[in-house]
Amino acid sequence: MLPETFWGRIQYLLQQYGSSFLSGAGNTMIIAIVGTFLGCLIGFIVGIIQTIPVDKRDSTVKKTLVGILKFIMACYVEFFRGTPMMVQAMFIYYGSAYLFNINMSMWFAAFFVVSINTGAYMAETVRGGILSVDEGQTEAAKAIGMTHVQTMISVILPQALRNIMPQIGNNLIINIKDTCVLSIIGIVELFYTTKGVAGAYYTYFEAFTIAMVMYFILTFVCSRLLRLLEHRMEGPQNYDLATTDTLAHTSGLYSYPKKKEEK
Amino acid sequence: MSEKILEVNHLEKAFGSNQVLRDIDFSVSPGDVTCIIGPSGSGKSTLLRCLNMLETPSSGEISYHGTDITSKNVNVPEYRSKVGMVFQNFNLFNNMTALKNCTIGQVKVLKKSKEEAEKKALYYLEKVGMAPYINAKPKQLSGGQKQRVAIARALAMEPEILLFDEPTSALDPQMVGEVLEVMRDLAHEGLTMIIVTHEMAFARDVSKRVIFMANGVIVEDRTPKELFENPQDPLTRDFLSRFRNA
């Protein structure tokens with residue numbers, strides 16, 4: 001009853017298990033996207049804390065507090081960067097029940113592990129992104145009286161974010177692929193699904209060919225979409241000269257293009 | 001004599017064991033246009049950066065209307081909003097248009113409404129001849145244009161005193177003119193300015209007084225006429241003669 005040819009078997013598997021593959025891919029994407037997003041948030045918070053400047057003029061309390069925070073953050077980054085995600089998944093999923101009597105749901109453990117892992121990598125990326133913004137930008141912001149927080153939010157972070165977009169894309173793609181290690185705690189993502197399908201008829205080669213193509217489509221589409229987003233962030237390549245009397249139109253600033261059309 | 005805006009007393013600054021500023025004393029009154037000249041490495045820029053606390057002085061005091069701003073309990077950002085600064089490398093915010101560059105400080109620091117800030121920003125952009133470029137990003141502007149926007153950004157905060165750190169040193173000769181012209185106009189309007197510069201003709205014609213610095217000390221602090229025509233110190237004479245021969 002199983003078709004004779006390779007392509008025939010692939011077609012058969014797709015017909016029989018197409019929806020399983022799709023839901024597996026869906027789970028993979030959900031974990032990857034949520035994990036990357038939360039990871040970026042964690043990364044930004046940690047990266048920002050690690051780049052808080054400490055001035056000689058600051059109070060001892062602030063210095064100690066910042067010092068302790070930075071130490072904790074550094075421990076977090078080193079630990080989660082330095083151990084495999086698969087081991088972390090096991091450790092956290094089973095360990096939480098064993099040590100603290102917390103019964104984590106599988107899904108919670110999955111999001112948690114991916115986010116916290118991505119966060120550890122992103123923290124360093126964000127730190128690099130912040131350091132990559134020219135010192136002059138900070139000085140200029142300070143010189144007009146901005147506080148450290150204002151400088152970060154309005155000037156440094158937008159530029160840092162633009163600089164680290166390629167790395168965020170990198171992380172998303174790594175996460176799409178690496179969610180397959182979560183099959184170890186029973187998450188039915190694309191890899192887990194494929195293993196099941198392959199085992200049903202002993203069609204390992206065919207099933208994993210399908211999985212491979214699907215993984216590639218997912219990562220490729222994501223990488224292109226992120227490229228598009230990067231271009232968006234660049235803003236327009238051209239600008240219009242404001243030819244009308246700017247002083248007379250102070251409130252209607254943003255309608256310049258429209259005004260030109262009217263002429 | 002009107003009240004002094006800034007008074008600098010016994011200011012010292014050291015980077016490690018390198019003593020950059022030694023016992024600097026001077027003061028600024030409203031309407032003063034002060035040029036600081038001197039050879040590279042003489043501490044001119046460091047002095048200027050100390051004045052708005054971008055560098056923390058090692059000792060001495062800088063008093064702003066009688067308050068020592070180097071003391072710990074002073075709100076430095078608030079002080080900086082009253083002391084504008086124009087940088088050698090412009091340092092326009094790369095992620096904002098020319099207009100946004102001039103409004104962000106007003107909105108975030110002075111807590112003005114967006115409309116009010118834009119009105120003011122446009123007024124000053126117009127003044128420096130950059131009003132047509134409000135929608136341009138810094139990377140789309142030439143050096144001279146960037147510096148003029150940077151001046152408008154500083155002016156939009158309506159500071160009491162404006163510091164210029166070699167504002168024309170990163171510009172080609174053609175663009176130097178357009179920036180100096182703007183600065184000249186500001187000087188004539190009575191804006192209080194301290195300008196670190198290598199433009200001797202500008203210092204001679206525009207400033208009310210010229211400070212000559214060498215090796216971290218103020219060697220001479222006099223009117224431009226006196227300093228350029230009759231320099232007292234051999235260091236000043238030596239420095240100026242190099243410009244005459246050039």
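Biologist: How does helix α5 of chain B lie relative to β6 and β7 of chain B?

Modeller: Helices (H or I, at least four residues) and strands (E, at least two) are DSSP runs, numbered from the N terminus. Axes are lines fitted to C-alpha atoms, for helices over the stretch in contact, and angles run from 0 to 180 degrees between N-to-C directions. Contact means that the C-beta atoms of two residues, placed from the backbone, lie within 7 Å. Here, helix α5(B), residues 143–156, lies across β6(B) and β7(B), and it runs at about 175° to β6(B). Keep in mind that this is a predicted model: local features need pLDDT of at least 70, side-chain atom pairs count only at pLDDT 80 or more, and totals for chains, interfaces and linings use all residues. Residues are numbered from 1 along each chain as its sequence is written, while chains are lettered from A and ligands numbered from 1 in the order in which they are written.

Biologist: What is the strand order in the open sheet of six strands in chain B?

Modeller: Two strands pair if DSSP finds at least two bridges between them. The order is β6-β7-β8-β3-β9-β10, with mixed pairing. At the edges, β6(B) (83–86) and β10(B) (217–222) each pair on one side only. From one strand to the next, the twist averages 15°. Take β7(B), residues 161–165, and β8(B), residues 192–196: they run parallel and are joined by five bridges. Across that pair, Leu162(B) stands opposite Met193(B).

Biologist: Where in chain A is confidence lowest?

Modeller: The score to check is pLDDT, the predictor's confidence in each residue, from 0 to 100. Where it is low, the predicted coordinates should not be read in detail. Chain A has a mean of 86, but confidence is lowest in helix α9(A), residues 256–262, at a mean of 42. Over residues 249–263 of chain A, pLDDT stays under 50.
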